[in-house]
Each structure stands twice: as structure tokens, then as C-alpha cells.
Protein chains: 2
Amino acid sequence: MISSTGTKGFVRLEHGAGGLAGWELFSELILPALDNPALAEQGDAAVVEAGGLRLAFTTDTFVVSPLFFPGGDAGCLAVNGTVNDLAMCGAQPLCLSAGLVMEEGLSLDVLERVLSSMGRAARNAGTCVVTGDTKVVQKGAADRLFVNTSGIGVVAKNADLSPAGAKPGDRLLVSGPLGEHGAAVLAAREGLEIGGGLSSDTAALNGLVQALLDSACRIHALRDPTRGGLAAAINEIAWRSGAAVRIFESAVPVSPAVAGTCEILGIDPLVLASEGRMAMFVHGQDGEKALEVMKGHALGRDAAIIGRVEQGPPGRVVLETAVGGERLLPMPSGHPLPRIC
Amino acid sequence: MISSTGTKGFVRLEHGAGGLAGWELFSELILPALDNPALAEQGDAAVVEAGGLRLAFTTDTFVVSPLFFPGGDAGCLAVNGTVNDLAMCGAQPLCLSAGLVMEEGLSLDVLERVLSSMGRAARNAGTCVVTGDTKVVQKGAADRLFVNTSGIGVVAKNADLSPAGAKPGDRLLVSGPLGEHGAAVLAAREGLEIGGGLSSDTAALNGLVQALLDSACRIHALRDPTRGGLAAAINEIAWRSGAAVRIFESAVPVSPAVAGTCEILGIDPLVLASEGRMAMFVHGQDGEKALEVMKGHALGRDAAIIGRVEQGPPGRVVLETAVGGERLLPMPSGHPLPRIC
């Protein structure tokens, strides 16, 4: 995407959509510039050793528009997103940072609501924001408020997770219905009225991950399907693991409200962001047990086994449709859904 | 500043200028929302315990305009700034993160130059960017590129530094001429031609701090005089330490080019940002020795002893002028110099 333009070209919305263009930007430009093995791992967080501990370290900037949406706001979204990036490495959060870019003229009331929401979300996840930074830019130089959150976590001793960890025979689970965050933000932005209501699924998954680690299920890979949705998450893991993945479409939980929104907007729910769900590859013999553990947790009660790793070409992701047909589920490309998180 | 408006009011450029308004925003709104003791410490970085280590953790977003200026760019500025925040706690960097907000249409060539500069700066400081995030917003929703860098450092075992650590009798040193970064960015932005040239002082101070720690000088407090310049840095430490500080104006190193720029722009060099200098409070008996150590390091060869902690009202900062008069040096207020870093 970069080189195909002849010149180096320009940043496009697609580069931030969590799909193919972003992956190319990362591998062709960002990784060479910052070259090091930890970054090349491309986990949700990097894992570094210090003092005999494995520390997980992650960063995310949240540019969601609108700042407030059904079920959440930029503040809790940022905290939960960072806690989840740590959790996807099997880590409990140690502490968080907050970096705010504010547009001149932003209401202090809005700022206070977002920050209070951050504080509550951090407490709910058992952590806190210990350091921060505030920058103000002139009116028109930013859109209201951008929130960066970084986080340090301590990886559980028994966690052995990697985006390259999926293995033949693994079961693929998701912890709940997909796409609720993306649908809620899009509907709020477009002013859609959906019967039944839509609400972001934003939530901190570290408790659920801890329950799974405590259960001794052999978890191989975790990923939260944020930008680019389940399609991006599973393609990344399949590609990194050299695994062929089969997903049973009829098993994938999608709420009627999300399905309806997707129909109106012409979007596949499998590319819509969730911010409080995770996909998990677990040893084939542990699939049912892991499902039970998930269902026993408030954030996993609608969990489902939706697929498996099978024999086949490395990196292939196949969707088996309800009527028994099958199609490839590619890494999303194009379809920019900007500022969903 | 917040409550004095009657209503809660709006974010102003002043809130981001590193002076009084920013301090009020922090203490009246941000700290209550995110309330916890580590954040209340207000160090350049927070220090948290893990695995028997003291970890320093910091975050900074860089919204500097222009992105490229004499002596540096947003990329090396971000890395050096974060390394320095860790160094001010006596920590060597373990790893960094990079969170990019890009405006649709940003040249990929610009992006590559900034990222390559980040990579080089990180290598120079003995660290690397291990995790990152990229967001793209629509044209007009951000000004080209904002770079957040967070960092984890390991605090030296013998470091006992705190912004509340200055003690009576301490000597106050600076590691070199002040305000060169701020003057270079302002001149580049205003299109000023200054005889003799101006160049940002951006540099990573972790090596210099290590040399000082190795020397066993009894260092009590370090701060890099970034936004709000030396005036903000010293007022913060004086206030936090309950110390009265006397600064000898004639001893404060300011280059002729910076002095000239300040005259043209009507700005006090003591409120201009440096990005590769530090102020140090050291035990009164160790002042000369610390000065020698600084002068022996490439980044401290123009270091100077510029003041001391004396008996007097807690938090007072007095500037003794060349002709023997004295005036209070207040925490900067107003004077917004936006997007200097």
C-alpha cells in the first residue's frame, strides 16, 4: 500500500482502521525505523524482563468521536482498552499513565467527566493512573480531546501466551457478542435510532483472564477484537501462528441490535470493534472447560466456541456459513471506520 | 483559575503552558478525578515497586509545531523528553512506547523522518521503542502529527530524589545554557533570523545523571526545565520542598542568541523551555564536586552553580540581580507559548 503508490504517499484513514493498510504501514515504515525484536513481536503489549518479573507494556491513543456514547466514553474506553492489552498477555495491571491533548476551548466539565470515568474504570480494574501529561493546542488543531493511556502489567507466572501461539486442534472461543462497541459509536455518530438499543461493551477483561489462568486451561493466544474486529484479530493470529482457522458463522454471537445496525450501514459485524470481548485459542482438550469458566464470569456469560485450528494453509481463515458453504474471511482492507476508539 | 470563573469554564492555552493555570487544573480537576498517592507526588515520573525494583513510569505527548526545527524534530524531542523524565527520578530507561495520532494526508515521508529520528534517539539513550499505537483522524481533526511517548525506567539503588527533596544549604546547579529549545522553536515558527543561530538543546540526560549518581554526590532533587522553563521548575521544587531558593541572575547561563531572541519576542529566558538541560539541588558540601562531574560530561560542560536554598519563607524563589537588587521569581502565569514541545 505504501510502495504501490510509486512515491511514499500520504497517510489515509485506512492506515488507522486496524486492517491491511495499517499492517503494511507498520511493517514497511514503522518497524524498520524503530527496529527491535520486542516491537517486531506485535503483541497487544510488549513483554520485557526486569527484576525477575515479566512486565507487559502497552500504549493506546483514543480519538473516539463522539466522546460520550451509549455505554461509555473516551475515559473508561481508554482505561479498559489499555488494561485489556495487558490482559491479552496474561498480565494484571500495575499502573497506568494518561496523556491528554486538549483543544483550546474544550469544556472543563467535559474534561472532568472523562477523567472521572477514567478514575472509576481504573479502580474497577484494580489499578490507578499514577502519572500523566496535559497539552493544549489552539482551537482547530485537534478535535476536542485525545486520550493516550499506557500501562505496565505483571505477567502471570503460568501464562504462556503469544499471538504466534495458536496450534493445530486448538478451539477458538469468544467471550461474548461481537461488535457492540463499534455499532454503538457508529449509531451515536450517525444519529441512528435502533430498536432494542445499542450499548458499548467496553469493560476490563483482566478478571476474566485471571479466572482462565487460574483454571489451568492451556491458553495459547488471546486477543481483544478492537479495530478491524474479529476478522483482523483472527487473521493476525492465524498469520503469526502459521495456523489455518475455521470459524462457524452460526456459532458467532451477534446481538439483534448489532446485526440490525450492520444491515443499515452495510457493514460486516465481523469487522466491527469490540472493547470488552476477547478471542481465545485454547488447547483442543480444554475448549469445553474454558467455555465453562468464561460462562461463570459476568463478562463471559454469553461466551461461545466459534471455531478451531485445522490442517490447512498457514494463515488461512475460513468462515463456514450456516448453510454449509464456506468463504475466506480476509484481513479487512479499505472500509475505514475512523475514530471508533 | 478554574473556580474563579464562576462556572467551570473552558480549557485555555495557558492550561498547557507549564505554569500556574496548569498547576491549578491538575490540583483542582485532574488529581481529584484520578485520586491516588503516586499521582499526587507529581514527580517527572511516578515511582512504583515491582519485583524488588523501583520502576519509574512517565508519559508525555509532543504537539510541537513545527515538527522540524533547528537542532531536532518531534521524534527525537519525544524520546529525549521521556528519557529525561525517567532520568530526573534517577532511572535508566528500560523501554519506551510510541503513540501516534496522524492527520489524514500527512506525508509518509514526514512520518518516516520523525520515526527514524525516534529510533536514533532511543538507541543513543540505550533504549528502544518496544510497543506502539497509530491512530488516523480526518483532515482537520488534528494538526499533522502528535507523538506520545511513555517510558519505563529502573531507578538506581542509590538514588533518593524527589521534587520535595531540596534542603537548606543545598546548592542549585544547571547543566548548561537555558532556553535554547524554546527559542529555536519560537524562532522557527515566527520565521526569525537570529545572528549566530539557534539550535534546540534536545538531548538525553540519562548518561549525565548516571555520572552524577556514580560520583556519590548527595543529589536531593532533579528537574528538567521544560514548559515554563527554569522559573516553573524551581518554583515547583521550592513549593514542594518548603524551601526558599535564591538564584543569582548573573550566574545563570544564557547564550547570546537566546538572549537576543528573548529581547525581540519580549520573553524572559527563565520561562523558556530547555529539553536537554537539568536543574539540580545537591547537598551544600557537594556543589563544587557535582559541578566538576557535570563539566566532565559532554552535556554539562557549560554547567554552573546558580543558586542555593536559604533560610526564608517556604516556596519563595528570589532572583538576585547583577547589580545586587532582588525580585521574586514567580511561577509563570499567562504567557502562553503553545506547542513548544
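Before selecting anything, one definition: two residues are in contact if their C-beta atoms, placed from the backbone, lie within 7 Å. This is a predicted model, in which local features need pLDDT of at least 70, side-chain atom pairs count only at pLDDT 80 or more, and totals for chains, interfaces and linings use all residues. Residues are numbered from 1 along each chain as its sequence is written, while chains are lettered from A and ligands numbered from 1 in the order in which they are written.

**Stop 1: where the chains meet**

Colour by chain and look at the interface. There, 72 residues of chain B are in contact with 71 residues of chain A. Now select these elements of chain B: α1 (20-34), α2 (37-40), β1 (46-50), β2 (53-62), β5 (91-103), α4 (108-124), β6 (129-137) and β7 (145-155), each of which supplies at least two residues of the side that touches chain A. Helices (H or I, at least four residues) and strands (E, at least two) are DSSP runs, numbered from the N terminus. Which element gives the largest share of that side? Pick β6(B), with nine residues.

**Stop 2: the axis**

Superpose chain B on chain A: a rotation of 180° with 0.0 Å of shift along its axis does it, at an RMSD of 0.0 Å. The two copies are thus related as by a two-fold rotation axis. Both copies use the same surface, since 99% of the contact residues of chain B recur in chain A. To find the axis from chain B, select B:A142, the residue of that chain that comes closest to it, at 2.0 Å (C-alpha).

**Stop 3: a five-stranded sheet**

Switch to chain A and show the open sheet with strand order β1-β2-β7-β5-β6, in mixed pairing. Two strands pair if DSSP finds at least two bridges between them. The edges are β1 (46-50) and β6 (129-137) of chain A, each pairing on one side only. For one of the bridge pairs, select A:E49 and its partner in β2(A), A:R54.

**Stop 4: into the core**

A residue is buried if 20 or more other C-beta atoms lie within 10 Å of its own, exposed if 12 or fewer, and partly exposed in between, with C-beta atoms placed from the backbone. A nonpolar core is a set of buried Ala, Val, Leu, Ile, Met, Phe, Trp, Tyr and Cys residues joined through C-beta atoms within 7 Å. The largest one has 246 residues, and A:M118, A:L173, B:M118 and B:L173 have the most contacts inside it. Centre on A:M118: leaving aside neighbours within four places in sequence, its contacts include A:G75, A:V79 and A:V129, as well as B:A33 and B:L34 from the other chain.

Next, go to A:A125, in the loop between α4 (108-124) and β6 of chain A. Buried or exposed? A:A125 counts as buried, with 25 C-beta neighbours inside 10 Å. Not counting residues up to four places away in sequence, A:A125 touches A:V79, A:V83, A:P93, A:A204 and A:N206.

**Stop 5: an enclosed strand**

Select β12 (residues 304-310) of chain A: five of its seven residues are buried, so this strand is largely enclosed by the rest of the structure. β8 (residues 171-174) of chain A pairs with β12(A) in the antiparallel sense over four bridges, with A:L172 facing its bridge partner A:G307. β10 (residues 244-248) of chain A also pairs with β12(A), antiparallel over four bridges; there, A:V245 has A:V309 as its bridge partner.

**Stop 6**

Most residues other than glycine have a negative phi, and most peptide bonds are trans. Now for the exceptions. The peptide bond from A:S65 to A:P66 is cis, with omega near 0°, and A:P66 sits in the loop between β2 and β3 (68-69) of chain A. In chain B, the bond from B:S65 to B:P66 is cis too.

For positive phi, select A:A216, at about 65° although not a glycine, in the loop between α6 (206-214) and β9 (219-223) of chain A. With 11 C-beta neighbours inside 10 Å, A:A216 counts as exposed. Finish at B:R339, with phi near 60°, in the segment after β14 (326-328) of chain B; B:R339 counts as buried, with 21 C-beta neighbours inside 10 Å.

Definitions and conventions: Copies are superposed by least squares on the C-alpha atoms of residues with pLDDT of at least 70 in both.
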